[in-house]
Amino acid sequence: MAAQNNAWLSSLQDAQFQFRYLISKDCTAVGRSPDNDVIIQGPESATVSLHHFEIRRHDVGFRIRDLDSTNGTFLNGERVAEAELGAPAAIRLGAHGPELIFDFVAENTGARLEETQAIPEGVVLPAAAGPYEGLLSNAVAQSRRARAHGFHGQTMTIMRDALNRALHHTGRRFRLVILALGVLLAAVSAAGAWWITQLNHEKQGIDRRIQDVEARLQQAQNPREADPLITQLGTYEEEANKLQRTLLYRFGGHETDFVTNEIRRLMAEFGSETYSVPPEFTERANHYIHQYQDANRTLMERVLDESASQTKLVRRVLVENQLPPDLAYVPLVESALGDDRSAAGAAGLWQFTPATAKAYGLRVDNEVDERKDVLKATRAACQYLRALILDFGAGSSVMLALAAYDLGPGKVKQAILKNVRDPIKQRNFWYLYRTRSLPPETREYVPKVMAAIIIGRNPQHFGF
């Protein structure tokens with residue numbers, strides 16, 4: 001049992017940013033929200049939920065529990081809701097997300113910990129020959145490595161952690177170290193603040209140019225007028241993305257609005273990252289979020305209710321088919337979770353027409369209508385969504401698939417053939433949206449689905 005007194009979470013050896021975290025609490029939370037013990041941020045965090053999983057210590061070991069994360073927690077390759085933790089164990093946040101290693105380090109082995117870099121909390125500095133020798137030099141070395149990888153904001157975290165460790169010791173030999181760390185921390189803070197201010201000004205300039213182009217795009221009358229503006233927008237987005245890899249938004253305090261950030265995060269999970277989201281799209285998403293908070297609140301509460309086995313079933317089937325589980329909110333928009341028949345003859349949770357239902361294996365006749373069977377209809381919907389995503393396999397294919405689910409794949413293809421001249425750059429949802437190549441109903445349908453997904457991922461943020 002002595003080994004279990006030292007339990008660790010650490011990055012893989014080949015990870016871009018190395019860290020090692022000592023699990024010293026009874027409950028250790030992991031996710032991308034700042035209130036976690038281990039905060040997962042950066043380019044690999046797209047599949048990480050705000051509160052993804054926790055590790056709890058008990059009398060005979062440790063247990064891991066998924067915190068209803070969007071993309072699941074995988075222990076040694078298997079998705080788990082809760083399980084006992086043995087060592088070593090591989091923990092992945094999402095099927096294709098970042099991977100952490102859980103392991104024990106025996107006490108009194110005399111082994112040196114590998115050199116580590118910092119994460120916002122729980123940093124373990126590398127041991128030196130004596131208990132605290134090399135504290136300052138190790139902190140400086142870590143800071144340089146972090147800056148070399150573009151993690152400028154970690155410097156103050158490293159220095160602050162080293163200073164806190166030194167302050168726990170009052171021996172005369174450490175007073176010089178404490179003083180040096182204090183001076184270095186102040187200098188780094190000042191330099192870091194100046195650097196972030198400069199980068200922030202540059203980013204604000206790019207954002208203003210993007211906003212100007214987006215405003216002009218809203219006034220464009222046809223794709224021919226929009227094309228040069230979209231090309232210009234792409235250039236600005238490349239500049240912003242390059243800057244974004246250097247600038248730590250959270251550290252500098254320059255996040256954009258919550259809904260736009262969530263749309264960006266969803267696009268990253270869908271495999272089609274974007275920097276600029278059309279303001280009109282964000283405005284429509286906000287419009288439907290407000291509807292779900294007000295007039296349609298009862299419906300949204302029904303979806304979010306943990307006892308709603310129907311929604312859980314839909315999410316499970318989507319995951320089994322390797323589709324984004326957040327697509328479970330499509331039925332909310334399609335049918336309001338009912339099975340009424342539409343004027344066009346569509347019926348069931350997924351609002352299949354008889355022809356589409358039969359094409360994907362559902363029985364629809366005078367005796368049986370399997371469109372109203374939640375499990376069978378969801379399996380058929382997964383086949384249909386997979387086919388649509390594969391069919392529109394360039395650019396923002398999931399978004400195009402959502403448009404095609406509402407409009408029909410044939411009409412989406414007609415819009416592409418009619419309006420797209422550059423099949424590489426322009427065959428994506430955002431181009432069709434900005435050029436108004438999709439009918440108004442579909443231009444409303446997709447942000448409405450996104451609004452439901454965003455609330456479903458962040459219910460507390462929206463008062464549910």
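**Cavities in the Predicted Model**

The model described here is predicted.

- The volume of the second largest cavity is about 50 Å³.
- Val303, Gln310, Thr311, Val314, Ala328, Tyr329, Pro331, Leu332, Leu337 and Leu349 line the second largest cavity.
- Two elements, helix H9 (309-320) and helix H10 (330-335), each give two or more residues to the lining of the second largest cavity.
- The element that gives the most to the lining of the second largest cavity is H9, with 3 residues.

**The largest cavity**

- The largest cavity contains about 60 Å³ of space.
- The residues that line the largest cavity are Glu214, Leu217, Gln218, Pro278, Pro279, Glu280, Tyr433, Arg434, Arg436 and Arg443.
- Helix H3 (175-219), helix H7 (279-293) and helix H15 (429-434) each give two or more residues to the lining of the largest cavity.
- With 3 residues, H3 gives the most to the lining of the largest cavity.

**Residue classes in the two linings**

- In the lining of the largest cavity, 4 residues are nonpolar, 1 is polar and 5 are charged.

Definitions and conventions: Residues are numbered from 1 along each chain as its sequence is written. This is a predicted model: local features need pLDDT of at least 70, side-chain atom pairs count only at pLDDT 80 or more; totals for chains, interfaces and linings use all residues. Side-chain values use heavy atoms; hydrogens and water are left out. On a 1 Å grid over the protein atoms alone, a cavity is a set of points where a 1.4 Å probe fits but cannot get out, and a pocket is an open set with protein on both sides within 12 Å along at least five of seven lines; lining residues have an atom within 4 Å of a point. Grid points are joined across faces, edges and corners, and a volume is the space filled by probe spheres set on the points. Helices (H or I, at least four residues) and strands (E, at least two) are DSSP runs, numbered from the N terminus. Ala, Val, Leu, Ile, Met, Phe, Trp, Tyr, Cys and Pro count as nonpolar, Asp, Glu, Lys and Arg as charged, and the others, Gly among them, as polar.
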